[in-house]
Amino acid sequence: MTSIAINASAIRASIGNVEILHDVSLALPQGRWTSIVGPNGAGKSTLLKVLAGLLPYQGSVELLNQSLTRTPARLRAKRLAWLGQNESAADDLTVWDVVMLGRLPHQAWLAAPSDADRAAVELALKSTQGWDWRARSLGQLSGGERQRVLLARALAVQAQVLLMDEPLANLDPPHQADWLGVVRCLLESGVTVVSVLHEISMALHSDEMLIMAAGRITHQGLSAAPATHRALEAVFDHRITIHPLAGQWVALPK
Ligand SMILES: Nc1ncnc2c1ncn2[C@@H]1O[C@H](COP(=O)(O)OP(=O)(O)OP(=O)(O)O)[C@@H](O)[C@H]1O
């Protein structure tokens, strides 16, 4: 039986007085990669924030079989890493220090980084090809370079679950392909990956897809399944079509 990393039931979430998520339930399998896709404004980022415990909600969310709200903050921060959309970070910090922030849940209050912390930061920066920038300040980097450093910060947590909102923003095609490689390595080591993606051809590489529209899930299924492809085409008003090409699925505009 597949273990479930995140189980959410009857989720409602509002921003101001407006309800954005309407009765959303889902189960995300452990050690698998699920992509959340759908049109602009569908509620994808809002859902990801709820799953990360960053937004108040009604309903229940369980992370690794424990209620999210009853998981102590530090334990939650060790179990779940987060890469947000357009994340702010102090531009005057060095890249090394930014990535070291990912180790905070592992460190005692005001303690110096341990060898394990330094090794995790080095590994994360090398896997995102950011190692050479470690002494530069974040503010000196381009948008794509900055995104790779923030990805490294999330990787440095070495959490069992990694949530990423538009992780490919600003990445050029080779670094998008590298990101895919990073995700595959994480999956091999049993990490659960959840990503909100607009790049549908990249999302089609994931194991499962969760399709959203207007604050609801319209479909959840295997990314390779014909029913998922039909649901994808429908949610984008049949302005894309899904085709096999060179052993992959690709979404073409119509
Ligand atoms: N701070 C806010 N105040 C009011 N409404 C908001 C706020 N943030 C988001 N919304 C609204 O909530 C809805 C869902 O937004 P969300 O960012 O979750 O969508 P999304 O599917 O991630 O969209 P996109 O693909 O454009 O990033 C949208 O209609 C948006 O306008």
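Helix α1 (residues 44–51) gives the largest share of the shell around the ligand, three residues. Helices here are DSSP runs of H or I with at least four residues, numbered from the N terminus. The model is a predicted one, where local features need pLDDT of at least 70, side-chain atom pairs count only at pLDDT 80 or more, and totals for chains, interfaces and linings use all residues. Residues are numbered from 1 along each chain as its sequence is written, and side-chain values use heavy atoms, with hydrogens and water left out.

**Around the ligand**

Among the residues around the ligand are I15, P39, K44, E166 and H198; to be listed, a residue needs a heavy atom within 4 Å of the ligand. By class, the shell has four nonpolar, six polar and two charged residues.

Some residues make polar contacts (pairs of N or O atoms within 3.5 Å):

| Residue | Protein atom | Distance to a ligand oxygen atom |
|---|---|---|
| A42 | backbone N or O | 3.0 Å |
| S45 | polar backbone atom | 2.9 Å |
| T46 | side-chain N or O | 2.5 Å |

On its own the ligand has 630 Å² of accessible area, and the protein covers 56% of it (Shrake-Rupley method, 1.4 Å probe).

**Two packed helices**

Packed helices are described by the angle between their axes and the distance between the axes. How do α4 and α5 pack? Helix α4 (residues 115–127) and helix α5 (residues 143–156) meet at an angle of about 140°, with their axes 8 Å apart. The two are therefore oblique to each other, as angles under 35 degrees count as roughly parallel, over 145 as roughly antiparallel, 65 to 115 as roughly perpendicular and the rest as oblique.

Technical notes
Polar contact = N/O pair within 3.5 Å; in protein donor to acceptor, adjacent residues only side chain to side chain. Nonpolar A, V, L, I, M, F, W, Y, C, P; charged D, E, K, R; others polar. Axes fitted to C-alpha atoms, helices over the stretch in contact; angles between N-to-C directions.
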